[in-house]
Amino acid sequence: MTRSTALLAALLALATMAGAAETDAVVQAWPARKPVRDAALEAKVEAALKNLTLRQKIGQMTQPEIRAITPEQVREYAIGTILNGGGGWPGQDRAATPAQWRELSEKFQAAALQATPGIPLIWGTDAVHGHNNVRGATLFPHNIALGATRDADLVRDIGRATARAIRASGLHWAFSPTLAVVQDVRWGRTYESFGVDPALVKRLGQASVEGLQDGMKEGRGVLATAKHYVGDGGTRRGIDQGVTQASPADLANVHGAGYLGALDAGVLTVMTSFSSWTDSAGYVEHGKMHGNAVLMTGVLKDRLAFDGLIVSDWDGVGQVPGCTPEDCPAAINAGIDVVMVPFKWKDFFNNTVRAVEQGKIPMARIDDAVRRILRVKFSIGMQTPVPATVEAMQAPELARRAVRESLVLLKNKPGLLPLKGTARVLVVGAAADSLAHQSGGWSVTWQGRDTSNVDYPQGTSLLAALRQRLGAAQVTFDADGSKSDPKNFDAVVAVLAETPYAEGEGDARITENLRFSRRHPKDAEVLQRVAGRGKPVVTLLYSGRPLYVNDLANKSDAFIAAWQPGTEGAGLVDVLVEPTAGKAWPGFTGRLSFPWPAGPCQFSSHEARSWWPVGGGLSGKETQANTKALPEPADPAPICPL
Ligand code: BGC
Ligand code: BGC
């Protein structure tokens with residue numbers, strides 16, 4: 001033994017000892033759960049596993065994207081699962097009908113059953129606020145809005161409706177819900193989070209899984225995915241795919257809370273997070289979650305007795321040191337069962353077969369992965385009673401209710417709302433007639449950009465809904481507010497909006513502050529034009545996160561956090577305008593699930609100096625004015641103190 005290898009061996013021995021104590025601390029932080037197994041199902045799994053060759057097993061573990069694989073290749077490689085990413089449609093046609101989705105699904109299915117009789121293929125999709133990739137499907141408000149409703153029954157029903165839409169198109173698996181507990185709202189995926197309270201995330205996450213998986217065996221429900229395991233919302237400075245620094249206790253109790261709810265609901269799949277974890281108590285850098293055996297195998301599979309499958313995120317295994325997306329024995333050894341390798345799946349397949357033959361991945365690990373895949377597949381019914389129609393993908397009344405319940409009133413002048421059914425209204429702000437801005441990310445396309453209202457034939461914009469309610473003649477739309485005099489109206493409705501985004505930083509650079517008018521000066525100018533002109537201004541903000549808006553609120557008589565409500569603009573009007581005769585006005589029942597900043601640098605979900613704390617919001621029925629001017633500090637430097 002040379003000196004350096006001796007040194008290495010000694011170092012490794014030390015590392016394993018420290019590692020054992022650390023491993024214990026990490027695992028013990030989570031509650032122990034007992035597995036519940038169904039003997040008949042297990043027997044079926046074992047029987048099917050016995051008949052598979054190594055190549056077929058690796059095929060089961062390989063997940064290509066529909067843009068990169070044909071049914072013929074599914075047959076040739078015995079592929080077990082496929083996905084369509086955001087903006088992946090049959091034939092790359094965004095207007096593909098449910099029947100066309102179904103037809104493609106059936107082709108893939110037939111090919112899979114030829115390769116592995118009795119073992120179906122499952123197709124996963126990012127149905128994160130309804131079946132959002134498919135034209136005509138109802139889009140619900142994003143999770144941050146659902147968090148404001150606090151309504152688990154609503155979330156469960158949305159899960160059911162989403163599952164039905166997915167089944168209508170012939171798919172079986174939703175990559176949702178996101179269970180992130182966001183700590184810094186600069187994270188561009190804050191909108192995918194129910195809120196900062198772990199108990200709320202747990203309760204709504206559980207309801208979402210219950211709804212999605214309801215009637216799974218009868219072909220109504222679909223597989224749900226608890227994602228992104230674990231700590232996706234905890235990254236420092238809100239950097240997407242960054243490093244979460246937390247103690248083992250906080251990792252389990254804060255970031256892990258949603259997983260306990262999802263497991264209670266019987267969730268069958270979990271997606272690994274792109275992020276890394278550093279144990280801030282033991283000062284141990286655990287690195288990328290995709291390579292973390294302790295958390296995936298030690299905690300999730302062993303301690304929490306999760307019997308379903310773990311799927312990696314989009315090329316996520318490639319971020320593990322020493323790996324590429326198409327070659328990563330370490331991630332499989334750490335516990336990944338299905339590898340989402342959208343485009344380079346063929347290389348992944350060949351490399352992984354070779355890695356097993358060379359002993360880099362034990363056969364027992366492959367068998368465990370395939371057992372899990374089979375268990376999941378045999379737990380859902382492949383036939384569906386849901387017709388392949390656009391109607392089956394729609395639940396407008398449910399979405400409308402979700403919108404109505406999610407609006408948070410941050411400022412109000414008593415008596416202003418609801419507007420009278422006879423009101424003449426001036427509508428300003430281009431987003432008032434933009435279903436893209438109303439829907440946000442993961443809408444038709446991945447980013448939700450590059451779309452126009454024709455992509456949402458099912459949708460009703462706020463403008464259209466106001467016209468339906470008040471009569472077209474009563475509503476004037478002036479996008480930039482330059483052509484109309486507010487004096488000729490009873491009230492002005494102004495819509496301000498973030499540019500849709502899905503991941504990364506959102507529409508702001510991470511180094512910027514949260515001041516909306518810095519990023520969207522044109523929107524601020526529109527409000528400036530109509531404010532203080534003698535008529536009340538009701539402002540709605542479409543955003544995926546709380547933002548600094550003191551200057552805009554000061555120019556408004558009422559200010560509403562409307563989140564990204566989705567396709568049913570009528571839900572906005574239900575609260576803005578008095579109900580038709582005989583019905584009671586619901587008022588505003590949404591309450592914040594994040595604090596609302598009072599300063600441009602208040603990123604933290606635990607900000608104590610906020611304008612509104614978690615739980616904040618007015619009903620609109622208050623008799624006390626809430627129109628005190630908010631402080632407007634001079635525009636700070638774009639970079640906030642770290
Ligand atoms: C996202 C996941 C998503 C996957 C598939 C990734 O970029 O992080 O949430 O499920 O893509 O589209
Ligand atoms: C896909 C998304 C995916 C992303 C990851 C996009 O091209 O459409 O689904 O999340 O890539 O980078």
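In the residue classes used here, Ala, Val, Leu, Ile, Met, Phe, Trp, Tyr, Cys and Pro count as nonpolar, Asp, Glu, Lys and Arg as charged, and the others, Gly among them, as polar. The model is a predicted one.

The protein chain has two parts, domain 1 (25–377) and domain 2 (407–576). Their centres, taken over C-alpha atoms, are 35 Å apart. Domain 1 brings 32 residues to the contact and domain 2 brings 33 residues. Between them the two domains bury about 2500 Å², with 55% of this area on carbon and sulfur atoms.

Polar links also cross this boundary. There are 22 residue pairs in polar contact between domain 1 and domain 2, counting pairs with both residues at pLDDT 80 or more. On the side of domain 1 that touches domain 2, the residues are 13 nonpolar, eleven polar and eight charged. Salt bridges between the two domains number three. Arg189 and Glu503 form a salt bridge, with 3.6 Å between the closest N and O atoms.

An N or O atom in the side chain of Arg189 is 2.7 Å from an oxygen atom of ligand 1. For His228, a polar side-chain atom also lies 2.7 Å from an oxygen atom of the ligand, while for Asp126 the corresponding distance is 2.5 Å. Of the 310 Å² of accessible area that ligand 1 has on its own, the protein covers 96%.

Polar side-chain atoms of Arg67 and of Glu503 each lie 3.4 Å from an oxygen atom of ligand 2. In the side chain of Trp446, an N or O atom is 3.5 Å from an oxygen atom of the ligand. Ligand 2 taken alone exposes 310 Å², and the protein buries 76% of that area.

Notes:
Residues are numbered from 1 along each chain as its sequence is written. Chains are lettered from A and ligands numbered from 1 in the order in which they are written. This is a predicted model: local features need pLDDT of at least 70, side-chain atom pairs count only at pLDDT 80 or more; totals for chains, interfaces and linings use all residues. Side-chain values use heavy atoms; hydrogens and water are left out. A polar contact is a pair of N or O atoms within 3.5 Å; within protein, one must be able to donate a hydrogen and the other to accept it, and residues adjacent in sequence count only if both atoms are side-chain atoms. Accessible areas come from the Shrake-Rupley method with a 1.4 Å probe; for residues, only the protein chains shown count as cover. Domain bounds come from an automatic or database domain assignment. Contact means heavy atoms within 4.5 Å. Buried area is the accessible area (1.4 Å probe) that two parts lose on being put together, summed over both. A salt bridge is a side-chain nitrogen of Lys or Arg within 4 Å of a carboxyl oxygen of Asp or Glu.
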